[in-house]
Amino acid sequence: MRYTGPKVRLSRRAGVPLTRKAVKYFEARPYPPGEHGRKTSRRNTGDYGMRLLEKQKLRWYYDVPERQLRRYWDLAVRRPGRSGEELVALLETRLASLVLRAGLAPSIYAARQYVNHGHITVDGRRVDIPSYQVKPGQSVAVRERSVRMQPFAAAAEGAYADERIAPYLDVDHRALRFTLLRRPVREEIAVPVDEQLVVEHYSR
């Protein structure tokens with residue numbers, strides 16, 4: 001099931017801020033949530049717990065349910081590259097992930113909602129599936145009838161953009177449009193996860 005509770009709690013459970021909004025909250029309370037959070041030591045977590053936590057961090061970062069992440073893993077192991085890197089690349093090229101990475105949404109949760117509500121097009125065709133795999137050369141944009149909405153007006157001003165645009169994207173914030181230039185490589189994907197531990201978790 002997809003987590004629907006307070007998102008900052010996920011960052012505190014993960015031990016790293018998973019969203020922009022979580023950064024200031026995490027700095028104020030950098031320990032796990034709950035009554036005994038201050039007394040909990042992540043350093044005492046066993047090998048299995050560490051591998052499980054990395055897998056959960058990947059799930060939470062991209063906001064995907066366990067069953068869907070498992071399907072991505074099954075796809076990744078059938079590809080010729082390193083399984084962990086292939087898994088991250090598959091997650092990164094989801095439509096919702098790229099809408100976030102391009103700076104058209106403030107969080108992965110908002111990006112998913114924009115796609116679900118039909119505000120996003122791929123090559124001029126409306127796509128309402130957040131898990132849609134964007135291919136190199138495809139152009140993603142905000143639907144014309146949606147561009148005047150307040151969240152997209154803010155995106156056009158660069159309010160949600162990262163300091164550095166991902167090198168695998170060609171982004172035009174003013175036009176609320178971007179193109180996936182090529183498949184990203186792991187070193188270019190800013191995800192605070194050790195994917196090798198995820199590989200070990202699924203390979204055990």
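Tutor: First, the naming: helices are DSSP runs of H or I with at least four residues, strands are runs of E with at least two, and both are numbered from the N terminus. This is a predicted model, where local features need pLDDT of at least 70 and side-chain atom pairs count only at pLDDT 80 or more, while totals for chains, interfaces and linings use all residues. Numbering starts from 1 along each chain as its sequence is written, and side-chain values use heavy atoms, without hydrogens or water.

Start with H7, residues 108-116. H7 is mostly covered, with seven of its nine residues buried. Buried means under 20% relative accessible area, exposed means over 50%, and partly exposed lies in between, using a 1.4 Å probe on protein chains only. The buried residues of H7 are Ile 108, Tyr 109, Ala 110, Ala 111, Arg 112, Tyr 114 and Val 115. After H7 comes Gly 118, with a positive phi near 80 degrees.

Now the core. A nonpolar core is a set of buried Ala, Val, Leu, Ile, Met, Phe, Trp, Tyr and Cys residues joined through side-chain atoms within 4.5 Å. The largest one has 50 residues, and Leu 58, Tyr 62, Leu 87, Leu 95 and Val 99 touch the most other members. H7 gives the most to this core, six residues. In soluble globular proteins, nonpolar side chains tend to be buried together.

Leaving out residues up to four places away in sequence, Leu 95 touches Val 115, Ile 120 and Val 122, among others. Further along the chain, its contacts (heavy atoms within 4.5 Å) include Ile 129, Pro 130, Tyr 132 and Val 140.

Leu 87 belongs to H5, where Ser 83, Gly 84, Glu 85, Leu 87 and Val 88 meet Glu 195, Val 198 and Val 199 of H9. By class, that contact has four nonpolar, two polar and two charged residues. Here Ala, Val, Leu, Ile, Met, Phe, Trp, Tyr, Cys and Pro count as nonpolar, Asp, Glu, Lys and Arg as charged, and the others, Gly among them, as polar.

One more residue sits in H9: Glu 200. Glu 200 counts as partly exposed because its relative accessibility is 34%. Glu 200 and Lys 55 lie 145 residues apart in sequence but 9.7 Å apart in space, C-alpha to C-alpha.
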